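Hello! Here are a few notes to read alongside the model; please have the viewer open as you go through them.

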Amino acid sequence: VIFVGGGFDYGDAPSPYASTAAQLGPRHFVDDGFALWRQNPSDPNDRPVTLDNDAKLPDADEDNGVRLVGALQPGFNANFEVSIYDEGNRQFYLDAWFDWNANGIFEVSDSRRFGSAGTGRPLVDVGTNVISVAVPSNAVLGEIYARFRLSEQINLGPIGDASSGEVEDIRLVVSNNPFQNPSNRYDVNNSGIVT
């Protein structure tokens, strides 16, 4: 396969998610000094962001800046490690969308917004951050996708262009709460009330 990059990083969630240029999917101009990136010290060729030329090949780019820690379960918080690389010490924004209802659309109601100092948002910093996200009690069980976008633009949406930064789409699995009270299934923790 001969593959020529276009200088942009695209989302790579599968259809029906808007990921390609034809769908006006997310597109970031590649800036090697600003990315979602966890450095791999054992790989001398490791770099912050790679080109993937319009999401034509599944996961053709390297997405290693966002990682789920633990499990996703309805009604509980989930932790994500988000690694931010910024050589320019710039003010930045981190936007994330979670498709909790698995309808193939990243909706405004499913967004979480963070930022560097001075943005007026919940703070994230250069390096590895742990972000806690509440999983709605009505989240669909099974496979869903999340989209993370790092940029210098305030209120970036799940689609469209960004002049710098990176987009990472990650596949997640929402699982059921493994514990069930045998005497009353609606009182999960046996507290005497519905939980």
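1. A contact here means heavy atoms within 4.5 Å. Among contacts between residues at least 6 apart in sequence, 65% join residues at least 24 apart.

2. A word on the source: this is a predicted model, where local features need pLDDT of at least 70, side-chain atom pairs count only at pLDDT 80 or more, and totals for chains, interfaces and linings use all residues. Residues are numbered from 1 along each chain as its sequence is written, and side-chain values use heavy atoms, with hydrogens and water left out.

3. You will find 11 strands and 0 helices in the chain (DSSP runs numbered from the N terminus: E of at least two residues for strands, H or I of at least four for helices).

4. Of the chain's 195 residues, 44% are buried (under 20% relative accessible area, with a 1.4 Å probe and protein chains only). The chain exposes about 10,000 Å², and carbon and sulfur atoms supply 52% of that area (Shrake-Rupley method, 1.4 Å probe).

5. Do take a look at strand 6, residues 93-98, where 6 of 6 residues are buried. Tyr93, Asp95 and Trp97 lie on one side, while Leu94, Ala96 and Phe98 lie on the other, and both faces are covered.

6. Which strands does strand 6 pair with? One is strand 7 (residues 111-115), antiparallel over 5 bridges; pairing takes at least two DSSP bridges between two strands. Here Trp97 has Ser111 as its bridge partner. Another is strand 9 (residues 142-151), also antiparallel, joined by 6 bridges, and there Phe98 is partnered with Ala146.

Methods
Buried < 20%, exposed > 50% of the residue type's maximum accessible area, 1.4 Å probe, protein only.
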